[in-house]
Amino acid sequence: MGLKKPSEIGIRELRQNASEYLTWVGQGHELIVTNHGRPAARLVPIDDPNEDRIEALIRSGRLIGPEDPGNPRDIKSIPAVSGAASSQEILDELREDRF
C-alpha cells in the first residue's frame, strides 16, 4: 500500500483509492470521509463478518436475549399494567385528536 493513511480524507480521494482505503479500514483503522471539508461518514471495521448480529447485540448488553438460547422465539410478552389504556384505545384517542 503506497498511500500514507490519514484519519480523515475527502470523498474524491476515497473514490480514487477506495480499494486501498477499505483494506486499511479492514485492518482495524477508522477513517472519516469529508464532503466539501465537512465530515460526512465514518468508515470503521466490522467486528466479525461471520458473527451473528443478534448475538453481538446480546453480548454488548444492548439486547436482552431469550431465556432459552436454543429457542430464539422464546420471547416473553410484557405484562399489562392494571388500569392502563390498551394500545388500541391510545391509537383511537390519537386519531380523534387529528380531526
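Figure 1. Leaving aside residues up to four places away in sequence, I32 touches S7, E8, I9, P39, A41 and R42. This predicted model places I32 in strand 2. With a relative accessible area of 9%, T34 is buried, because buried means under 20%.

**Figure 2. The largest nonpolar core.** Which residues make up the largest nonpolar core? There are seven in all: I9, L14, Y21, W24, V25, L31 and V33. Helix 2 and strand 2 are the elements that give two or more residues to this core, and helix 2 gives the most, with three.

**Figure 3. A salt bridge between E30 and R42.** How many salt bridges does a search of the whole structure find? It finds one, and the side chains that meet in it are those of E30 and R42, at 3.7 Å from N to O. The pair links distant parts of the chain, twelve residues apart: E30 is in the loop between helix 2 (18-26) and strand 2 (31-35), while R42 is in strand 3 (residues 38-43). Are these two residues buried or exposed? E30 counts as partly exposed, at 40% relative accessibility, and R42 counts as exposed, at 56%.

**Figure 4. H36 and its positive phi.** H36 is found in the loop between strand 2 and strand 3. Its phi is positive, about 55°, although H36 is not a glycine. Why is that worth a close-up? Most residues other than glycine have a negative phi. H36 is exposed because its relative accessible area is 78%, and exposed means over 50%.

Figure 5. I90, L91 and L94 form a nonpolar patch on the surface, and together they have about 260 Å² of accessible area. L91 belongs to helix 4 (residues 87-98) and is partly exposed, with a relative accessible area of 38%. How many of the twelve residues of helix 4 are buried? The count is zero, so this helix is hardly covered. You can check the length of helix 4 too: at 1.5 Å a residue, its twelve residues should span 16 Å, and the end C-alpha atoms are 17 Å apart, which agrees.

**Figure 6. Stepping back to the whole chain.** The protein chain has four helices and three strands, and along the sequence they follow the pattern β-α-α-β-β-α-α. Of its 99 residues, 13% count as buried. The chain exposes about 8,600 Å², and carbon and sulfur atoms supply 51% of that area. Among contacts with a separation of 6 or more, 15% come from residues 24 or more positions apart.

Conventions
Residues numbered from 1 in each chain as written. Predicted model: local features only at pLDDT ≥ 70, side-chain atom pairs only at ≥ 80, totals over all residues. Heavy atoms only, no water. Patch = residues over 30% accessible without salt bridge, like charges linked within 9 Å, V, L, I, M, F, W, Y side chains within 5 Å. Areas by Shrake-Rupley, 256 points an atom, 1.4 Å probe, with all protein chains shown as cover. Salt bridge = Lys/Arg side-chain N within 4 Å of Asp/Glu carboxyl O. Buried < 20%, exposed > 50% of the residue type's maximum accessible area, 1.4 Å probe, protein only. Contact = heavy atoms within 4.5 Å. Core = buried A, V, L, I, M, F, W, Y, C linked by side-chain atoms within 4.5 Å. Expected span 1.5 Å × (residues − 1).
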